[in-house]
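Have the sequence and the 3D view ready as you read.

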Amino acid sequence: FFMLSFVMLAVSFLFYPNWLLPYLQAGMNNLRADFGFTVFNSLMDLFPSFGRLLAWVVVVILILAFGSEWNTAQSAEHSTDDRRFYWLACLSLAVAPLLGFRTELEHLVVLVIPLALIFSIVYDRWRRFGGGLTFLLLLAVLGVPWALYVFVLPRFGLAPKVIFLFPPLFTVIGLYWVRWWALRPPRVWADLASNQS
């Protein structure tokens with residue numbers, strides 16, 4: 001990765017030697033621009049009286065939970081656990097839009113990776129009902145925003161705000177729902193028997 005990055009950086013300086021300063025200026029302009037969605041703007045529009053306080057509560061809880069998970073992952077007994085690292089990487093992707101940074105709706109496409117983890121664990125954990133439950137979860141993650149956008153929210157003008165909040169919240173809740181099975185392989189005889197049937 002670093003060798004390829006170095007080569008690409010060298011090639012870019014050969015073709016356009018003065019690209020670095022305009023790139024940094026564009027990055028600063030994007031930070032100053034008032035575009036995209038944040039958890040603060042969305043919750044203040046949804047709940048005008050206490051939305052800002054609610055947004056701070058969400059951000060603080062997520063930061064504490066996220067820091068706790070990373071601290072647990074750094075401990076000696078969990079430092080080589082691939083399952084924990086993959087779950088934590090998915091949690092990082094899901095939590096990032098809810099930490100107050102400005103983002104666009106199309107940037108939420110990265111939530112496909114944690115959603116795939118959730119769906120695969122649900123399917124593997126509940127073999128008999130896993131397919132139906134996975135289909136219901138997929139229907140919820142795709143159908144609820146669509147139904148809200150078409151039928152409910154156009155009257156209030158809040159459709160983009162709710163659609164921005166729904167996928168990350170759904171993904172974070174889903175990741176914590178499957179956390180036990182994501183971090184631990186089936187060890188109990190009942191778990192092994194249900195997986196084989």
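## Helices α5 and α6

At what angle do helix α5 and helix α6 pack, and how far apart are their axes? In this predicted model, α5 (residues 82-95) and α6 (residues 112-125) meet at an angle of about 135°, and their axes lie 8 Å apart. That angle makes α5 oblique to α6. The crossing of α5 past α6 is left-handed.

From α5 come Tyr86, Trp87, Cys90 and Leu93, while α6 supplies Ile113, Pro114 and Leu117. Sorted by class, this contact has seven nonpolar residues, with no polar and no charged ones.

## Thr103, in the loop between

Now look at the loop between α5 and α6, where you will find Thr103. Is Thr103 buried or exposed? Its relative accessible area is 12%, and because buried means under 20%, Thr103 counts as buried.

Which residues does it touch? The side chain of Thr103 makes a polar contact with the side chain of His107, at 3.1 Å. Beyond its neighbours within four places in sequence, Thr103 is in contact with Gly36, Phe37, Pro97 and Phe164.

## Helices α3 and α4

Another pair to explore is α3 (residues 39-46) and α4 (residues 51-74), whose axes come within 7 Å and cross at roughly 140°. These two helices are therefore oblique to each other, and α3 passes α4 in a right-handed crossing.

On the α3 side, the contact is made by Val39, Phe40, Leu43 and Met44; the α4 residues include Arg52, Trp56 and Val59. By class, the contact of α3 with α4 has nine nonpolar residues, one polar and one charged.

Technical notes. Residues are numbered from 1 along each chain as its sequence is written. This is a predicted model: local features need pLDDT of at least 70, side-chain atom pairs count only at pLDDT 80 or more; totals for chains, interfaces and linings use all residues. Side-chain values use heavy atoms; hydrogens and water are left out. Axes are lines fitted to C-alpha atoms, for helices over the stretch in contact, and angles run from 0 to 180 degrees between N-to-C directions. Helices (H or I, at least four residues) and strands (E, at least two) are DSSP runs, numbered from the N terminus. Angles under 35 degrees count as roughly parallel, over 145 as roughly antiparallel, 65 to 115 as roughly perpendicular and the rest as oblique. A crossing is left-handed if the near helix is turned anticlockwise from the far one by less than a right angle, and right-handed if clockwise. Contact means heavy atoms within 4.5 Å. Ala, Val, Leu, Ile, Met, Phe, Trp, Tyr, Cys and Pro count as nonpolar, Asp, Glu, Lys and Arg as charged, and the others, Gly among them, as polar. Buried means under 20% relative accessible area, exposed over 50%, partly exposed in between (1.4 Å probe, protein chains only). A polar contact is a pair of N or O atoms within 3.5 Å; within protein, one must be able to donate a hydrogen and the other to accept it, and residues adjacent in sequence count only if both atoms are side-chain atoms.
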